[in-house]
Amino acid sequence: MRPIGTLALLLLVACSSQTAKPLASESPHISPIASTPKMPLGTGGVVEYAIPTPAVLPANCGAFCNSSLGDLTLGPDGNVWFVDVGRSQVGRITPDGHVAQFSVPSPTGGSHTIAAGPDGNVWLTATAGGGKPDWIVRITPTGVVTIFPAGGSNTAPEGITAGRDGNMWFTEVFGGRIGRMTPSGVLTEFQIPGTEHPRGITMGSDGSLWFTLSAGVGRITTGGQISVFPVANDPSTPLGDIAAGGDGNIWFTGAGTIRYISPKSGQVTSMPLPQGSRPASLISGPDGNIWFTDTGLNAVVRMGTSGSTRVIQLPRRDSFPLGIASGSDGRIWFGESGYATVASVGFKIPEVLINGRSIVFGDGSPKTITVRNGGDASLRISNVRVSGVDAALFIKGADSCGGSTLVVGSTCAIVLRKTTGGAAGIQSATLEITDNATGSPQRLSLVGQAPQCVLPVMSAGPNTVPQGEQLDVQAAQVLSDRSGGFETGTAASGVRATAPPSLVGETAGYFDRPAGRWLPVGGPDEVSPDGSRYVYLTGRQSGRTELHVVDVATASDKVVGLPPDFWSIVGFTDVGVYLHKAYEGIGPGLWLVDPTSGALQTVFSDAVVAQVAGTTAWIQSQNPADTLPQPPGIGGTTDQVMRRDLVTGVTTPWFYQAGVSVTVIGIANGSPIVDVSDGVSTTFWIVAAANQGLRMEFPYTTDRYPSLSGFVGDSAGVWVGSQDGVYLWTPRTGGVLVTDVPVTPAGTCA
């Protein structure tokens, strides 16, 4: 079975007891994250099941208590069994989503892979580490755990599979051996010639056991005879998972490749993969194809034995799919380590294709949404509805989609119109289409009363300097801007704005509304309030740090020398340019530079300042009353934000959450934007008044760690960029997706 040796944290197993009683009870039925219409056997898109956190967690497991699913296998009982890394659990999920979890007692080590045994049980490998004995673990369908020594300490058992002889076979990475264990726990070991490190193992169609090595594939007969077939591969990136294909060949992964070896000839063939592919685990599916999880593509991939591929994207980014198994329900099951979910997908998959994800109603004319099935199985749509804060204002008319079944390539249509009235400002609703495709229900943003303005945005292509463009909000179109060009600058600066007069700076870019032009800076904290000047730093790496004060109209550059240090700019106000010192974390202190005279003075040194706006310094600190463990990370953590008046010196507690890491990432309409991370996920808050933080919701961005940018405030609300498009956030509506073009707001809308 599959080696998951790259996981840093793995299930923990004890050596103090040989047998343990079952330590779990049946969990209630876990509803799918996205409910779908009932699907014919072997069809349908991805359906996810969140695995509940056990009532009892291992000590000191930190953030990993809530994440990282590892290997999977189809158990002899017809259910899918999985390793729940970090939680000291092995789980079982039925085809319809019932979950049971079983604790492995006395955590002292880690588990790698899991396999069904010929004795009606499931088996897994466990590495204790620290010089302690390693183990092979047997679990009955009712959760009774028995542990057997795996050949001593530091053998590092990894892959495991059932052999045709009725025994379990496993690899010993450090021992350089193949182990054979009877159902009663009797162990026999076979040494591999040389200094090889075996990892994955599977039973071939010839009845032998096949395993991967650092730069080769090995075969061992049930009698213990070993053969090694060299494979062109860098030993520093060893081969990984291995499976017997329905075509009689042995398929394996390694170093971003999928290859197969012919048991008859020993010839190795490499298969073409999509760009960016990083295969993790693979199986031979009952449909005759090779299926594998792909962490590079964030997908499950179906590969024909001839090499044709179908990439099945997962509903959420950074799912980190690892283990994979065939289910008894005719679907492929896999674990999403990034979200602690187990998911399944059919052999044939419908795919919903809709032109755009955001619909802006600029006038009273109706809009028609066309839905097409671009997959290879029938698309069954059970329901179409409008929901959300302003749902009553968006009226659904003719609908040929709801209750229909679309064969491959066919379409249906939904007509919507927007009525007048309702609250002032932007209006928002969601069109939901419930179906049997991945990501159900499909959701479209319905936007009414969008501001009649043009928003400056930064658009980045692969390996290119970002360029300035303009988003016409009501037309939902990103327009090119000839004055928004940026190119790589000189050795002393990062980029250069190409519009005359040419301006240089550290990064691209921000639209200076008062000056009416693009600047080579990252945001408004580097621009004077009247827009006439901007600042940037050079020489920090050489030890000759200089602050550049640039006149926007003339491009004249005044250079101010600074003491060598890791300076960063945190604000440009009417008083001057504020700096702090930051490397892996922010150091205490705030300094002020007079942009005219170049004089440098210390404002204070008793607090860590994240942002300065106007006469306010926003401070990050650790509340001594917080006794909860802090999330992992580099450097110290802070759990509260303080507001300090730079005129009076008065400091006011502003925002606090225990047991998290709090970071001020921007200022919008005078309020700090706060990033809150608990080590498992990140949320964003806006704090307009002391102790009145409001969580900012962005409904079309469901990543654990959303990549949000911009946070530009104006009279319409707060403009926020994401990988899903641009949001306009207001307290009434939350985030409204006004376009699905992934650009970054870079100035106010006008």
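1. A nonpolar core is taken here as a set of buried Ala, Val, Leu, Ile, Met, Phe, Trp, Tyr and Cys residues joined through side-chain atoms within 4.5 Å. Buried means under 20% relative accessible area, exposed over 50%, and partly exposed in between, with a 1.4 Å probe and protein chains only. By these terms the largest nonpolar core has 23 residues. Those with the most contacts inside this core are Val 371, Ile 381, Val 386, Leu 416, Leu 431 and Leu 446.

2. On the basis of the note: this is a predicted model, in which local features need pLDDT of at least 70 and side-chain atom pairs count only at pLDDT 80 or more, while totals for chains, interfaces and linings use all residues. Residues are numbered from 1 along each chain as its sequence is written, and side-chain values use heavy atoms, with hydrogens and water left out.

3. Overall make-up. The chain has 67 strands and 0 helices; both are DSSP runs numbered from the N terminus, helices being H or I of at least four residues and strands E of at least two. Of the 750 residues in the chain, 55% are buried. Contact means heavy atoms within 4.5 Å. Among contacts in the chain with a separation of 6 or more, 49% are between residues 24 or more positions apart. The accessible surface of the chain is about 29100 Å², and carbon and sulfur atoms hold 52% of this area. Accessible areas come from the Shrake-Rupley method with a 1.4 Å probe; for residues, only the protein chains shown count as cover.

4. Back to the core. The largest nonpolar core has 23 residues. At least two residues of this core come from each of β32 (358-361), β33 (367-373), β34 (379-387), β37 (411-418), β38 (427-435) and β39 (442-448). Strand β34 gives the most, with 4 residues.

5. Disulfides. A disulfide is a covalent bond between the sulfur atoms of two cysteines; the cut-off used is a pair of cysteine sulfur atoms within 2.5 Å. A search of the whole structure finds 2 disulfides. One of them joins Cys 401 and Cys 412, with sulfur atoms 2.0 Å apart. The torsion about this S-S bond is about 105 degrees, so the disulfide is right-handed. Cys 401 lies in the loop between β35 (394-399) and β36 (405-406), and Cys 412 in strand β37, 11 residues apart. Both Cys 401 and Cys 412 are buried.

6. The other pair is Cys 453 and Cys 749, whose sulfur atoms are 2.0 Å apart. The torsion about the S-S bond of Cys 453 and Cys 749 is about 95 degrees, so this disulfide is right-handed. The pair links distant parts of the chain, 296 residues apart: Cys 453 is in the loop between β39 and β40 (454-459), and Cys 749 is in the segment after β67 (744-745). Both Cys 453 and Cys 749 are buried.

7. Strand β30 (residues 341-346). Here 6 of the 6 residues are buried, so the strand is largely enclosed by the rest of the structure. In a regular strand the side chains alternate between the two faces of the sheet. In β30, Thr 341, Ala 343 and Val 345 point one way, and Val 342, Ser 344 and Gly 346 the other way. Two strands pair if DSSP finds at least two bridges between them. Strand β3 (residues 47-50) is joined to β30 by 4 bridges and runs antiparallel to β30; Val 47 stands opposite Ser 344. Strand β29 (residues 331-336) pairs with β30 in the antiparallel sense over 6 bridges, and Gly 335 has Val 342 as its bridge partner. The hairpin of β29 and β30 has 4 residues between the strands, and Ala 340 takes a positive phi near 55 degrees there.

8. A four-stranded sheet. An open sheet of 4 strands has the order β12-β13-β14-β15, with antiparallel pairing. Its edge strands, β12 (157-162) and β15 (187-191), each pair on one side only. Strand β14 (residues 177-181) is joined to β15 by 5 bridges, and Glu 189 in β15 is the bridge partner of Gly 179.

9. Arg 316. This residue sits in the loop between β27 (309-313) and β28 (321-326). Arg 316 is buried, with a relative accessible area of 15%. Arg 316 and Thr 701 are 385 residues apart in sequence and 8.5 Å apart in space, C-alpha to C-alpha.
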